[in-house]
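Student: I have a new structure to read. Can you take me through the terms as we meet them?

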Amino acid sequence: MDPRGLVIPGGCSVAYDAGIDTTTPPPLTILKARLRHRPDLVDIEIADGRIHSVEPVGTRPPQGQSLEANENLVTESFVNTHLHLDKVFTLSSLGDAALADYQTGGMGQAMGAIEKATAVKLGQDRDAMLTAGRRALAMAAYYGNTHIRALADVDSKAGTRGVEVLLALQEEFVGIVDLQVVAFAQDGIIREPGTAELLRQCMELGANVVGGIPWIEFTEADMAEHVRICFDIAVEYDADVSMLLDDAGDPGLRTLEMMAVEALRRNWHGRALAHHARAMQLYPEPYFARLVSLLAAAGVAVVSDPHTGPLHARVKELLAAGITVSLGQDDISDGYYAFGRNNMLEVAFLGAHLLWMMAGPELEVLYDSVTTSAGRSIGLKNHRLEIGAPANLVVLQSGTVAEALRFHAAPRAVVSHGRLVDQTAMRELSAVPE
Ligand SMILES: [Zn+2]
């Protein structure tokens, strides 16, 4: 199958000009841009894939191609720190049983949901995964989500298949959407013998991040061992760690603490990302206070996805303590969540409701949580709208963050690595209605 001959629901196929483009992007100037933290309008000059200048409007003649922002906001592009890209659009084949288990009973049946959802991997076809993943990434590009930490299950059912598919997609979308591929031990390491070896194989294949889920093991000793194995592999391959932690309604779960302690011991400061940590909502206050201090000391960032489960990490309190927090899409029509389209403005809009963060300054924090803070959480260097930074930008259809969140519309323009993204092709490819 031609990787760029794309079949999408509805039957049409689209060819797009994606893939590896090694030429230097031509100069581009964004005119009359409004910035989040500056009162006057500016022109933004982009050259060699970087932000070359930010000057008051009309300071110098535009270089190369120019793009009119029309006084709308221009910001850093969106970053999605948590996406199960190997499972997107699998809900219809899996059925709703796992989803129902995950979301009911105060998340007391979350482990059962994961066991049910595992069935999707038995009959999973590589081409179908590529097609579905491609659609999700085209959505991301259309909505200005240029960087994604994407997880692929690694276990006795999936083997290395998910990672291989994601690595193929990573190559296909180079220069448009940057993928960090996480080799993720979704079904456990101790309870799923052979997984540690499979994780190493995936790192050899080119996976970027080691992914664990210690809370799913049967005993506390096994949970701690799971954490240690992930860090062993991360140290061997000099890779970041991402772990799904305490993702159930059980106040006794303590794997976030285990991960933070291990990050501290290994000096993995800024390289360990904690996903979910939903049980945190049920922790007694003194334990929570100690945990927050530990997270700060260990440099562990937290990604929350409050729209995919009835519990969520205590985002506001973590932010108040100076912990880096991002919001992730998590799922797109899989066994855990029915919707999703890699539109990070929509994720932040949902977060505003579920986290009760609606005052003006809180909306700004939410916006950071899907742009700059998210970039920091996954180790992006300098994901900032400033001179010298890589030009990964969105030109929005709104002049304020509140308006952008209200409509969560696709940007007027998306710049990835200094180059304009072909949004028309991406919209057609992703079958997003106009
Ligand atoms: Zn998840």
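**Reading the model term by term**

Tutor: Arg200 sits in helix α6. Helices (DSSP runs of H or I, at least four residues) and strands (E, at least two) are numbered from the N terminus. Residues are numbered from 1 along each chain as its sequence is written. This is a predicted model: local features need pLDDT of at least 70, side-chain atom pairs count only at pLDDT 80 or more, and totals for chains, interfaces and linings use all residues.

Student: What makes Arg200 partly exposed?

Tutor: Count the other C-beta atoms, placed from the backbone, within 10 Å of its own: 20 or more is buried, 12 or fewer is exposed, and in between is partly exposed. Arg200 has 19 C-beta neighbours inside 10 Å, so it counts as partly exposed.

Student: How far is the C-alpha atom of Arg200 from that of Thr160?

Tutor: They are separated by 10 Å, and the two residues are 40 apart along the chain.

Student: Why are α6 and α7 called roughly parallel?

Tutor: Two packed helices are described by the angle between their axes and the distance between the axes. Axes are lines fitted to C-alpha atoms, for helices over the stretch in contact, and angles run from 0 to 180 degrees between N-to-C directions. Helix α6 (residues 195–205) and helix α7 (residues 220–237) cross at roughly 25 degrees, with axes that come within 11 Å. Angles under 35 degrees count as roughly parallel, over 145 as roughly antiparallel, 65 to 115 as roughly perpendicular and the rest as oblique. Therefore α6 and α7 are roughly parallel to each other.

Student: Which residues make that contact?

Tutor: From α6 come Ala196, Leu199, Arg200 and Met203; from α7 come Ile229, Ile233 and Tyr237. Residues are in contact if their C-beta atoms, placed from the backbone, lie within 7 Å. By class, the contact of α6 with α7 has 6 nonpolar, no polar and 1 charged residues. Here Ala, Val, Leu, Ile, Met, Phe, Trp, Tyr, Cys and Pro count as nonpolar, Asp, Glu, Lys and Arg as charged, and the others, Gly among them, as polar.

Student: What makes helix α8 mostly covered?

Tutor: In α8 (residues 255–265), 8 of its 11 residues are buried. Among them are Leu256, Met258, Met259 and Ala260. The cover includes α7, β12 (240–245), β13 (272–276), α9 (285–298) and β14 (300–304).

Student: At what angle do α8 and α9 pack?

Tutor: The angle is about 30 degrees, and their axes are 9 Å apart. The residues of the contact of α8 with α9 divide into 10 nonpolar, no polar and 1 charged.

Student: Where is Glu71, and what makes it exposed?

Tutor: Glu71 is in the loop between β6 and β7. It has 12 C-beta neighbours inside 10 Å, so it counts as exposed. Its phi is positive, about 70 degrees, although Glu71 is not a glycine.

Student: How do you know where to be careful with the coordinates?

Tutor: Check pLDDT, the predictor's confidence in each residue, from 0 to 100. The protein chain averages 93, and 95% of the residues score at least 70. Over residues 1–19, pLDDT stays under 50. Where pLDDT is low, the predicted coordinates should not be read in detail.

Definitions and conventions
Two residues are in contact if their C-beta atoms, placed from the backbone, lie within 7 Å.
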